[in-house]
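Biologist: Please bring up the model, and let us go through it step by step.

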Amino acid sequence: LSGGIFTSIPCTFGIQECIETVTQKHLAEFEFGSKTFGTSGSNTNNDGRTFDNEAFISRMVKKGYAGPSESKLENGNVIFETKNPILSQEECNYFIDVAKDTIRKEKEADLKYARTVEGEPEWKRTNSDLGEVRLSNLPPHAVTKLRDLLANELYPILVNRFNVQNLAVYDGLILGNIAPSKSQPVHRDASLLTLNIALSSPEDFEGGGTYIEGLENSDGLPLLISKGKALCHSSSIMHAGNGISNGERWVLVLFVISQNDVQVARRAHAECLDHIDKCRLENAIAAIETGLQDSPHDHVLHMSKGQVASMRGNEQESIECLAKAAALYPPSHRGAMTLGKMLESKRRPRAALRRFESVLTQIQDKDLLQQAWMPLKATAWDARVSAGRCALLCAEVEAQKNPLALRERSWSKCHLPAAIERLETALMFVPGDEYIISMLDRAKELFYEANTFSTT
Ligand SMILES: O=C(O)CCC(=O)C(=O)O
Ligand SMILES: [Fe+2]
């Protein structure tokens, strides 16, 4: 027997343990969900209605970009929008009113609770503080209405579009944004499929909509759908609710799982994050390996693997994991940006510059559109400044090597114009910023030197 077998035992054990844990969680969620919201199996819709492609607008992300659930679904990379409203105006208003009422009651209950405990109450953010209510906390009449809606309309749509069976909502939210509200971070939902029904009309607010990362043939702007219509998609497509600057925006979001799919990769990732939080790095690695067995190309797992490697001081491994994550999923710039900063801190400005440039190539100046998604603007700004700074560092090194310009400063001549342009663009967003202005001045100086004193 080789030692390798012995050393692999603890990890294998960790993987089995992790699979057992996530399977238990899945069973519990499905049981709760089917009891509360029914299943697609209990469909009462017998009117023989069929759905055809004409009933939906389809948009998509590139194949392979829709996360671990993509391979378990038909049309896993497609985002469907119903052409007709699923809910009438009255039904939308009914759900908004029920949500407002439940939020108000939850707030009152929190306050009563805070008064009954001794000393300072511990500050804890509940759903009602956030302007959202969990569907399982709605009053019985609203849950019954949701059950009927699911049985008659929503489960059949999902079964038809994604060809998956034994579905159950395990929970969801009615989410209220009152201006001004911030955008959500780009995320995956924990479910297999997500339904997002607009309860407000786009006229009720400014901004808003659902941002889908990496949407094909799009201008990069969030999707705005009219009151009562629904979006449905694989929950592992990266997305986010966009903040609003005026008015009120309410959405009904339903998280749907299937009895047939434990979703090992995404559940193992949740376990991993929990282990990282508690500094149990060995367990975090076992959870990542569990996830990667199920979904070897999941960029989110590779990002976390890089994070754990970095926490354990394995910088080279961390860089490799981040590079892999960035290559697997270019629409998210997190991997490439983190990698760029890591390379810069290791005094490798040229390698770092290539990473920042790859981000800017992806973004294609879409951040400069006025309505652009704010986090994209922020990333692009960071990438321009970082790219400018790295180019400047490289030019300084070249200038030190050739102080008297005995040889041509060809790198500076070639790359400084782009750096200057990037810094000037970044400066437009923060006029007068001294840090950027000083970098710009120096870049211009070096470019002038490179052209003036050069021997050719
Ligand atoms: O606000 C939206 O449209 C998206 C909400 C969402 O993604 C969520 O709550 O998980
Ligand atoms: Fe979401």
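Biologist: How do the residues of the shell around ligand 1 divide into nonpolar, polar and charged?

Modeller: The shell has four nonpolar residues, four polar residues and one charged residue. Here Ala, Val, Leu, Ile, Met, Phe, Trp, Tyr, Cys and Pro count as nonpolar, Asp, Glu, Lys and Arg as charged, and the others, Gly among them, as polar. Please note that this is a predicted model, in which local features need pLDDT of at least 70 and side-chain atom pairs count only at pLDDT 80 or more, while totals for chains, interfaces and linings use all residues. Residues are numbered from 1 along each chain as its sequence is written, and chains are lettered from A and ligands numbered from 1 in the order in which they are written.

Biologist: Which residues are around ligand 1?

Modeller: They are Leu173, Leu175, Asp189, Asn196, Thr210, His239, Gly241, Val251 and Val253 (each has its C-beta atom, placed from the backbone, within 6 Å of the ligand). Strand 4 (167-178), strand 9 (239-241) and strand 10 (244-258) each give two or more residues to this shell. Helices (H or I, at least four residues) and strands (E, at least two) are DSSP runs, numbered from the N terminus.

Biologist: And the helices: at what angle do helix 4 and helix 5 cross?

Modeller: The axes of helix 4 (residues 264-277) and helix 5 (residues 281-294) cross at roughly 165° and come within 8 Å. Helix 4 is therefore roughly antiparallel to helix 5. Axes are lines fitted to C-alpha atoms, for helices over the stretch in contact, and angles run from 0 to 180 degrees between N-to-C directions; under 35 degrees counts as roughly parallel, over 145 as roughly antiparallel, 65 to 115 as roughly perpendicular and the rest as oblique.

Biologist: What does helix 5 do with helix 6?

Modeller: The axes of helix 5 and helix 6 (residues 299-311) come within 10 Å, crossing at roughly 155°. Helix 5 is therefore roughly antiparallel to helix 6. Residues in this contact include Leu281 and Ile288 of helix 5 and Leu301 and Val308 of helix 6 (C-beta atoms, placed from the backbone, within 7 Å). The contact has eight nonpolar, two polar and one charged residues.

Biologist: How do helix 10 and helix 12 cross?

Modeller: The axes of helix 10 (residues 374-401) and helix 12 (residues 434-452) come within 10 Å and cross at roughly 40°. Helix 10 is therefore oblique to helix 12. Among the residues that meet there are Arg389 and Leu392 in helix 10, and Arg442 and Leu446 in helix 12. This contact divides into eight nonpolar, one polar and three charged residues.

Biologist: Changing topic, into which domains is the protein divided?

Modeller: There are domain 1 (40-258) and domain 2 (333-456), with bounds from an automatic or database domain assignment. Their centres, taken over C-alpha atoms, are separated by 41 Å. Eight residues from domain 1 and eight residues from domain 2 take part in the contact.

Biologist: Lastly, the backbone: which residues does a cis peptide bond join?

Modeller: Ala179 and Pro180 are joined by a cis peptide bond, with omega about -5°. Pro180 is placed in the loop between strand 4 and strand 5 (193-198). Most residues other than glycine have a negative phi, and most peptide bonds are trans. Asn217 is not a glycine, yet has a positive phi of about 50°.

Biologist: Where does Asn217 lie?

Modeller: Asn217 is in the loop between strand 7 (210-212) and strand 8 (230-234).

Technical notes:
Contact = placed C-beta atoms within 7 Å.
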